[in-house]
Structure formats: structure tokens, C-alpha cells
Amino acid sequence: MPKYTAMLNKVMLSTESRMRGDMQVRFGGRYGKTYCRKAVRRSVPSLRAGKGGNIIALAQELYASDSLPYLLERIREQAQNVRPVSFSFGRQPLSKPSFRQLEVVPLSSPALYTYLRQRGINTELAKRECREVRYLTGETPYYAIGFPNRSGGYEIRNKHFKGCIAPKDITHIRQSESKEACYIFEGFMDYLSFLTLRLERCPDRPELDGQDYIVLNSTSDLSKAIRPLGGYESIHCFLDNDKAGIEAVQELQKEYGLRIRDASHIYEGYNDLNDFLRDKRSGQAQRQQEKPEAEKRQRQTEQPKKKGKGIRM
């Protein structure tokens, strides 16, 4: 870790304006690892050769966190002469450390349920798979949907904020009996989207679990999934239809060959599985609105015309 800390110091720039520039950092191998200097040492995937990004992206890899307040504090410790630029995550201020007085409770907030429904997610499934995370930023209370990972951290989402509570890690969901197949997702919204779609297609079998699941929580954590995936005979990838998702599938194919099956064709034309689900939802809603109007027009067409009574003398 000391040599990577030195590297972090070396690539840091001395003014605010230069901090906004991109840089190229080269270290680590295909699945090389470095370690955070923590009370409990946890592995963090290294940056691959030639991977671009800014100083925040580098700090995310070194400290295994997506929390900007935490990352900016680490950067500030390494370079006291650098004043980080300000950031904003919607309505949540970042001027003070986040996640104070952390509390994890069952998911129950109506506002979070509304957000899930806007994403097309079945709220009962979400309540089973997720938690509600409450915390303070400064003196202001916030709450978000929390999705646990295997190291005790959480991915957190609400309408205005997307982040994580360290430690950052993948989520590995195993069934009670060992399975031969594993389905892999980039984020937990895609995982919940899959469960929602499956429930709709098999409503009489709500506990249909013929496979295990891995949620990467970020494609940058792909290396953490390599070893757990080794025990499966087939691996179905439900990753994003973007460059990062395509490259992740290619990396897995290099490692496990024909065991990898790319399932992204199911939602071809969409960025991810949740986009596919939301479009499906909006289409259903539109058809439901159009159906009464169509039935009304049909009744009006079929209704016989009344004969005029004329003028009586």
C-alpha cells in the first residue's frame, strides 16, 4: 500500500483546475490486487494497464469506496496542499462526513416504495432482498434503500442519491442447496428487475430459484467475482449493454470460455434490464389507458341509431 500511496501523491495535481483533468495510471495485472491499510485487510482490484480516469476514480480503486466524502477526506490526508473541488448529489450536501448514526431497519418508507415502483420493481420482492438505511449527513437525516454485500457494506439508492457504505464488495446470493448455474448482474436494480419479471411469468412459483446469483455492484469489482464463479458449470451474464458491460463479459469468457452465456440479447436495444422492465411497464400502462377508450368507441359504433319522431300534428 505505501507505494500506491506514493503513486497517489505523485499523480495528484496542485491546483483545483488541474484536478479536473484526466490522467492515465498504469499498475497491476489482469487480476492483480492491492490492499487497503485498514484494521481488516480487504482485497481491492487493481486498475488495468491503460485504464483512464480522474483522481476520484483512482481513489475509488485504492480505497474500495464510492462515497465521495470518504474519498475526498482520504485525498485530503495524502495531499494537504490540495483543496478538492465541490460536488453535489442532488439534495444531499457533502460538506460534512456522511453516514453518521447509521441505522439499518426493514424497508418500510412510502417514499422508497414509490421510488421502487417508478423503477418497475415489485415492492414485496424489494422488501425481502433489501433494507432501509437511515443516517445523518451533518445534522440532516436521510434514508435510502440498502442492498447488502458479502463484506457487511451496503449499496444505497434513493431518488436523489446513489452511493455505497464501505466496505465495497460484491453480493453473492447462494441457495440452500448447491447449484450448477449462477446469474450475474451489474447492479441490484437489475437483480430486482429479474426477480420482478420472473414473478410475473411464474406467479404460481414465487420461490423459483434454480440458480445462485452474484451482483457485482460495479463492473470495477469484476475481479472479486472470478473465484466464486469458478465453481459453476454455467454462468449467465445480465450485464449492461454498454462498453463496460461488454468488456466484462469478454473478460469472463477469457477466464471460463463456453461456461459463459451472454443473456443481454433478452433486453437488446436497452441499456440494462431495469430499462427494459420500465419500458415494459410504461407500455402496459399506455395499453390499459387506451383499452377503455377503444371499447367506448366500439360501443358507440355498434349502438343502433334511434329513429327520429318527426313532427306530430
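**View 1. An open sheet of five strands with mixed pairing, in the order E10-E12-E11-E13-E14.** The model shown here and in the other views is predicted. Strand E10 (171–173) and strand E14 are the edges of this sheet. Each of these two has a single partner strand, so one side of each is left without a neighbour in the sheet. From one strand to the next, the twist averages 20 degrees.

**View 2. The pairing of E10 with strand E12 (residues 212–215).** Three bridges link E10 and E12, and the pairing is in the antiparallel sense. Within this pair, Thr171 stands opposite Val215 in E12.

**View 3. Helices H7 and H8 on the sheet that holds E10 and E12.** H7 packs on the sheet and touches E10, strand E11 (181–185), E12 and strand E13 (234–238). The direction of H7 makes about 145 degrees with that of E12. Helix H8 (residues 222–229) also packs on the sheet, where it touches E10, E11, E12 and E13. For H8, the angle with the direction of E12 is about 165 degrees.

**View 4. An open sheet of five strands with antiparallel pairing, in the order E5-E6-E7-E8-E9.** At the edges stand strand E5 (100–105) and strand E9 (161–165). Each has a single partner strand, so one side of each is left without a neighbour in the sheet. Neighbouring strands of this sheet are turned against each other by 30 degrees on average, direction ignored.

**View 5. Strands E7 and E8 with helices H5 and H7.** Strand E7 (residues 140–148) and strand E8 (residues 154–158) run antiparallel and are joined by four bridges. Phe147 stands opposite Glu155 in E8. Helix H5 (residues 110–118) packs on the sheet, touching strand E6 (131–137), E7 and E8. The direction of H5 makes about 50 degrees with that of E7. Helix H7 (residues 188–201) lies across E7 and E8 and runs at about 60 degrees to E7.

**View 6. Asn271, in the loop between strand E14 (260–262) and helix H10 (273–302).** Asn271 counts as partly exposed because its relative accessibility is 34%, which falls between the limits of 20% for buried and 50% for exposed. Apart from neighbours within four places in sequence, Asn271 is in contact with Asp240, Asn241 and Asp242. Asp240 and Asn271 are 31 residues apart in sequence, and their C-alpha atoms are 5.7 Å apart in space. The side chains of Asn271 and Asp272 make a polar contact (3.5 Å).

Terms used
Residues are numbered from 1 along each chain as its sequence is written. This is a predicted model: local features need pLDDT of at least 70, side-chain atom pairs count only at pLDDT 80 or more; totals for chains, interfaces and linings use all residues. Side-chain values use heavy atoms; hydrogens and water are left out. Two strands pair if DSSP finds at least two bridges between them. Axes are lines fitted to C-alpha atoms, for helices over the stretch in contact, and angles run from 0 to 180 degrees between N-to-C directions. Contact means heavy atoms within 4.5 Å. Buried means under 20% relative accessible area, exposed over 50%, partly exposed in between (1.4 Å probe, protein chains only). A polar contact is a pair of N or O atoms within 3.5 Å; within protein, one must be able to donate a hydrogen and the other to accept it, and residues adjacent in sequence count only if both atoms are side-chain atoms.
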